Amino acid sequence: MAGKLFRKRCANFAAESRRQRINRHGITDFLRALCRPAGSRLNDYDMRKGFTRQPRGDEPATQSKNYITPSGLQRLKEEHQFLLTRERPAVTKVVAWAASNGDRSENADYQYGKRRLRQIDGRIRFLTKRIDAAEVVDPERPRAGQAATRAFFGATVRYANAAGTERVVSIVGVDEVDLNRNHISWVSPLGRALMKSAAGDRVALQAPGGTEDLMVLEVVYEGISVEPFREPPGAEASAEHRR
């Protein structure tokens, strides 16, 4: 049963390998081309819901401090622990099984598994850096003066646009962005526009379509619910547990 999941995933890869008669020296280039599309299964591993995405655009991955809420940091640690102690050992086990089946250059299970291991290792390194750089800010801690009335990291802000449409957002770290929960990054255009504002202030949002005026209606500090880490569908550790 070991490696059954990998064999199924690699069926298309093996067929393509035979058609193109990939030799020992050509396998690396072919795998690189296979993984290039944005929708590939390998790239999708990092993007599945429950995994912390890597910052993009105006959300730099190399900040001096990684501001984050307590629950956001807990999610990073849980994902790191899962990859290090469960998923990586499970994939390593399948790779070792595949390596025992003969010529590795023509072994789709082995090649796919090695690629998966490199991806997991990269993810572990990324999470380690984010955890080490974490600067935890608890939105519920007592605040006084302007720190209690103005929008800073961890604030939940209610505002209205020029048409009077109201919206509520929470300002969180780049590792906690969740538009379904109205969690925005503190370095996003909207986060920057709202930063240091108080109820009654007008702020200018520099949007791609132009500048938009917003009216800040309320600034509060309360608990922010971050979606907990969940093992992604198709994880090898989960498949191994079911076997």
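The legends below describe close-up views of a predicted model.

**View 1. Helix α5 along its length.** Helix α5 covers residues 70-99, which makes 30 residues. From the first C-alpha to the last, α5 reaches 42 Å, close to the 44 Å expected at 1.5 Å a residue. At leucine 83, α5 bends by about 40°.

**View 2. The packing of α5 against α6.** Two packed helices are described by the angle between their axes and the distance between the axes. For α5 and helix α6 (residues 108-132), the angle is about 160° and the axes are 9 Å apart. Angles over 145 degrees count as roughly antiparallel, and α5 and α6 are therefore roughly antiparallel to each other. The crossing of α5 past α6 is left-handed. The residues of this contact divide into 15 nonpolar, 4 polar and 10 charged.

**View 3. The five-stranded sheet.** An open sheet is formed by 5 strands in the order β5-β4-β3-β7-β6, with mixed pairing. The edges are taken by β5 (183-185) and β6 (202-207). Each of these two has a single partner strand, so one side of each is left without a neighbour in the sheet. With direction ignored, neighbouring strands of this sheet are turned by 45° against each other on average. In a regular strand the side chains alternate between the two faces of the sheet.

View 4. Strand β3 (residues 156-160) pairs with strand β4 (residues 166-172) in the antiparallel sense, over 5 bridges. Valine 157 is opposite valine 169 in β4. Tyrosine 159 has arginine 167 in β4 as its bridge partner. The hairpin has 5 residues between the strands, and glycine 164 takes a positive phi near 90° there.

**View 5. The parallel pair β4 and β5.** The pairing of β4 with β5 is in the parallel sense and has 3 bridges. Valine 172 stands opposite serine 185, a residue of β5.

View 6. Strand β7 (residues 210-220) and β6 run antiparallel and are joined by 6 bridges. Alanine 204 has aspartate 213 in β7 as its bridge partner.

Definitions and conventions
Residues are numbered from 1 along each chain as its sequence is written. This is a predicted model: local features need pLDDT of at least 70, side-chain atom pairs count only at pLDDT 80 or more; totals for chains, interfaces and linings use all residues. Side-chain values use heavy atoms; hydrogens and water are left out. Helices (H or I, at least four residues) and strands (E, at least two) are DSSP runs, numbered from the N terminus. The expected span of a helix is 1.5 Å times one less than its number of residues. The bend at a residue is the angle between axes fitted to the seven residues ending there and the seven starting there. Axes are lines fitted to C-alpha atoms, for helices over the stretch in contact, and angles run from 0 to 180 degrees between N-to-C directions. Angles under 35 degrees count as roughly parallel, over 145 as roughly antiparallel, 65 to 115 as roughly perpendicular and the rest as oblique. A crossing is left-handed if the near helix is turned anticlockwise from the far one by less than a right angle, and right-handed if clockwise. Ala, Val, Leu, Ile, Met, Phe, Trp, Tyr, Cys and Pro count as nonpolar, Asp, Glu, Lys and Arg as charged, and the others, Gly among them, as polar. Two strands pair if DSSP finds at least two bridges between them.
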